[in-house]
Amino acid sequence: MVSPISGQLKQVMEKQNLDLYWRNIQIMQENDRLRKTAQRLRQENEALYTELKQRLAAKRINKIPELELTLGPSSAANQMKPKNPQPPSCS
């Protein structure tokens, strides 16, 4: 025989389970929406990067050195290096 307390506990647990189920569905839908947004932004970023490379290549052909940039993972490190490093003075 099932006591009234365990029957109430079962109902509470079923309600919590249903609430969690619906919350999980909402989270999965939000994840899907965010994944699609990230994919769209990634494609837009790639298109802009390609356009930038094309513009820089066109500027290089026209020999405008001040518009040349180095692109890629080490560009920040290359820009930070001095062009003509001087040895420390011995005074």
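Helices (H or I, at least four residues) and strands (E, at least two) are taken as DSSP runs and numbered from the N terminus.

Figure 1. Welcome to a predicted model, in which local features need pLDDT of at least 70, side-chain atom pairs count only at pLDDT 80 or more, and totals for chains, interfaces and linings use all residues. Residues are numbered from 1 along each chain as its sequence is written, and side-chain values use heavy atoms, with hydrogens and water left out. Of the 91 residues in the protein chain, 3% are buried, where buried means under 20% relative accessible area, exposed over 50%, and partly exposed in between (1.4 Å probe, protein chains only). The protein chain exposes about 8,900 Å², and carbon and sulfur atoms supply 59% of that area. Accessible areas come from the Shrake-Rupley method with a 1.4 Å probe, and for residues only the protein chains shown count as cover.

Figure 2. In the model, residues 24-55 are 100% helix and 0% strand. The end C-alpha atoms of this stretch are 46 Å apart.

**Figure 3. A nonpolar surface patch built from L18, Y21 and W22.** The patch covers about 350 Å². Patches are made of residues with over 30% relative accessible area and no salt bridge; like charges are joined within 9 Å, and nonpolar side chains (Val, Leu, Ile, Met, Phe, Trp, Tyr) within 5 Å. L18 belongs to helix α1, which runs over residues 4-61. L18 counts as partly exposed because its relative accessibility is 46%. Y21 is partly exposed too, with a relative accessible area of 47%, and W22 is partly exposed at 47% relative accessibility.

**Figure 4. The aromatic pair within the patch, Y21 with W22.** Rings of Phe, Tyr and Trp (its six-membered ring) pair if their centres lie within 6.5 Å; planes under 30 degrees apart count as stacked, over 60 as edge-to-face and the rest as tilted. The count by this rule is one aromatic pair. Y21 and W22 make that pair in an edge-to-face arrangement, 5.4 Å centre to centre with 70 degrees between the planes.

**Figure 5. A salt bridge between K15 and D19.** A salt bridge here is a side-chain nitrogen of Lys or Arg within 4 Å of a carboxyl oxygen of Asp or Glu, and the model has six salt bridges by this rule. In this one, the closest N and O atoms of K15 and D19 are 3.0 Å apart. About one helical turn separates K15 and D19, because they are four residues apart in helix α1. K15 is exposed at 52% relative accessibility, whereas D19 is partly exposed at 41%.

**Figure 6. D32 with its two partners, R35 and K36.** D32 meets R35 in a salt bridge of 3.6 Å, N to O; both lie in helix α1, three residues apart, about one turn of the helix. D32 also bridges to K36, with the closest N and O atoms 3.4 Å apart. D32 and K36 are four residues apart in helix α1, again about one turn. Shared partners join D32, R35 and K36 into one network of salt bridges. D32 is partly exposed at 32% relative accessibility, while R35 is exposed at 53% and K36 is exposed at 53%.
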